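Trainee: Please walk me closely through one part of this model, and then show me how that part sits with its partner.

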Amino acid sequence: MAVALPWMVNAYLVSLAATALVMAVLAMSAQLLVGLAGQPPLGQAAYLVVGAYAAATLATLTSLGPVQLLAATAAGAVAAAVTGLLAVRVRATTFLMVTFGVGELVHAAAGQWAPGGSEGTHIPPVVALPGLAPLVRPGWVYLYVLACTLIIATAVIVLTRTRFALLLRAIAAHEPRVQAAGHHTSRLLLAAYTLAGAIAGAAGALLVAVTRYVSPADAAMGISAIALAAALIGSGSMIGACAAAILLVAARDWAGGLLSGHGSTLLGLSFLALAYLPRHRLAGLLTRRDRGRT
Amino acid sequence: MGLSGLVNPYTITALDGVAYGLLLFVIAAGLTLIFGVAGVFSMAHGTLYLAGAYIAWQLADGGWVGLGLALAAAVLIGAVGGAGLAAAVRPLTDRPLDQVLATLGVAYIAADGFSTVFGAEPRSVDPPRALAGSVSLGGYQYPVYRLGFIAVAALIVVLLIWLVERSRVGAVVRAVVADPGMAAATGLRTRTTRAAVLVGGGVLAVTAGVLGAPVIGPAPGVDTTILVYSLIVCVVGGLGSIRGALLAALGVGQILTLGVALVPGAAAFVLAAAMLVALTVRHRPSLAGRPA
């Protein structure tokens, strides 16, 4: 059904669906940190924008989508590896605060340094494979993004089955025990942070493919907040995070459009609902750890 | 004249930096105490500043009466807002992530409300007429209001540091920051303290909004900007520490004014580096988020 979507609904909904898929990839990036390692990030949009600008810069050389995707992934990983040095020094709520600060600093720096300044920059349509026509129609863009999302999701789900993912879960459950077992937990977290940055960077390349435009506004707190909220709604599951991201984008853009542009109120209400509705998820683990230390 | 050698474009910018830094301190002091005492990272703290700035835009008419009205409204709305946030996070005690989400939700709804009521364009707020002009400082014109702002903010700083470090109320607050369990065991009412700090932080932030409106005027997005800079002040100064916040706020104020004038575009990197240094030098807190 997801594949048939372009033939079922109008162009606006198709491009909305493509945006939702980009957000789903970003939500997986957040889920890697909060769902596995128990550290909530509120700055993932920073790496999305780094990836988007990397793809946009490369677009002057090649329109080939997969090449842009790889470059954006690498750029996101490098940016996350550098800024992650800051984030992995702290845990839990302070981790959230520091990643939020870093994300906003990247947001500010993008306005200063990125090509096009705060106005942003436009990019020609991408080409999915050599020899094919550029992706102009929303339906084809959507299918390209869907294919990339499925590939990324497969890679992420494979990653969650590895020993590395088990170690991250162990850090979330009881970090001192992992340290006592001889693991360097900060290095493990930095590796996770770098991987999450890579996924967010890939989301950036997909964003550029959808909107053909990138501006520092794409690094705004709202994007990071949706990614984190989607990961929390998904309570540890990657598929859940993707579904939640799609729902939140629908709430913000589609339902918000029906309510004459009050999408952010709707988003705020969903954050409040997320906070107050009783549910079991990693926050419980986090607080249990804090209480154990008091 | 010795003074004229001292007064050059850079010292004038540095003076702006002092005003900016003191403004950030008044806001961040609330944020850092709220985090230290209640363990809440209030995402709605910038919203409170923005509320104050809009109050100033609405009520300040260029006279002292308008400013007085705006300040009275700020104290009222700050107290109500702080109490509302305290009530909102109360059921979420020991769930820090949910507290962040709840305050973030409030911030989103408020931001949408502000742009609906006050419009999406930036508003400029004029200082009271008596302070509207500028004085000559060694040949450079400097707004009187900004000097007055520095004086008032410095007064608030002194009062706040006295309140936290010398008064009985402050001793209770510091006890709850240092060890909530022990403070409760000795009979201190930690719940009341938590609510009181949220109310106090709210009053400070909204008041800062009224006083700071002619410096950083109300516009959509100002809430996030203020939240980020006061957050950086809190992280650099050490969470829960009021003197640390003062030093960090003055430093951040200089980076955002003098730093931008000297090396344009480097502010974000310098601030990130400052956070990195602060987090590295201070050894890892044994309790998440508590100062070492």
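This is a predicted model: local features need pLDDT of at least 70, side-chain atom pairs count only at pLDDT 80 or more; totals for chains, interfaces and linings use all residues.

Mentor: Chain B has 12 helices and two strands (DSSP runs, H or I over at least four residues for helices and E over at least two for strands, numbered from the N terminus). Along the sequence the order is α-α-α-α-α-β-β-α-α-α-α-α-α-α. Residues are numbered from 1 along each chain as its sequence is written, while chains are lettered from A and ligands numbered from 1 in the order in which they are written.

On overall shape, the C-alpha atoms of chain B fill a box of roughly 60 × 45 × 35 Å along the principal axes. Its radius of gyration is 19 Å, which agrees with the value near 19 Å for a compact globule of 292 residues (taken over C-alpha atoms; the rule is 2.2 Å times the number of residues to the power 0.38). Buried residues make up 51% of chain B, where buried means 20 or more other C-beta atoms within 10 Å of the residue's own, exposed means 12 or fewer, partly exposed is in between, and C-beta atoms are placed from the backbone. Of the contacts in chain B with a separation of 6 or more, 76% are between residues 24 or more positions apart (a contact is two C-beta atoms, placed from the backbone, within 7 Å).

UniProt, in an unreviewed entry, lists "transmembrane region" for residues 20-44, 64-88, 144-164, 195-216, 228-248 and 255-281 of chain B; positions follow the numbering used here, feature names are shortened, and such annotations may be inferred rather than shown by experiment. Take two of those stretches. Residues 64-88 of chain B are 100% helix and 0% strand, with end C-alpha atoms 35 Å apart. Residues 228-248 of chain B are 81% helix and 0% strand, and there the ends are 13 Å apart.

Now for the partner. Chain A also has 12 helices and two strands, in the order α-α-α-α-α-β-α-α-α-β-α-α-α-α. Of its 294 residues, 55% count as buried. Where the chains meet, 41 residues of chain A are in contact with 37 residues of chain B. On chain A's side, helix 4 (65-87), helix 5 (92-113), helix 9 (221-233), helix 11 (263-276) and helix 12 (282-293) each supply at least two residues. Helix 5 of chain A gives the largest share, 15 residues. By type, that side splits into 25 nonpolar, 10 polar and six charged residues (nonpolar being Ala, Val, Leu, Ile, Met, Phe, Trp, Tyr, Cys and Pro, charged Asp, Glu, Lys and Arg, polar the others, Gly among them).

Buried residues in helix 11 of chain A include A:G263, A:L266, A:F271 and A:L274. Among the elements covering them are helix 9 and helix 10 (238-258) of chain A, together with helix 5 (96-118) of chain B.
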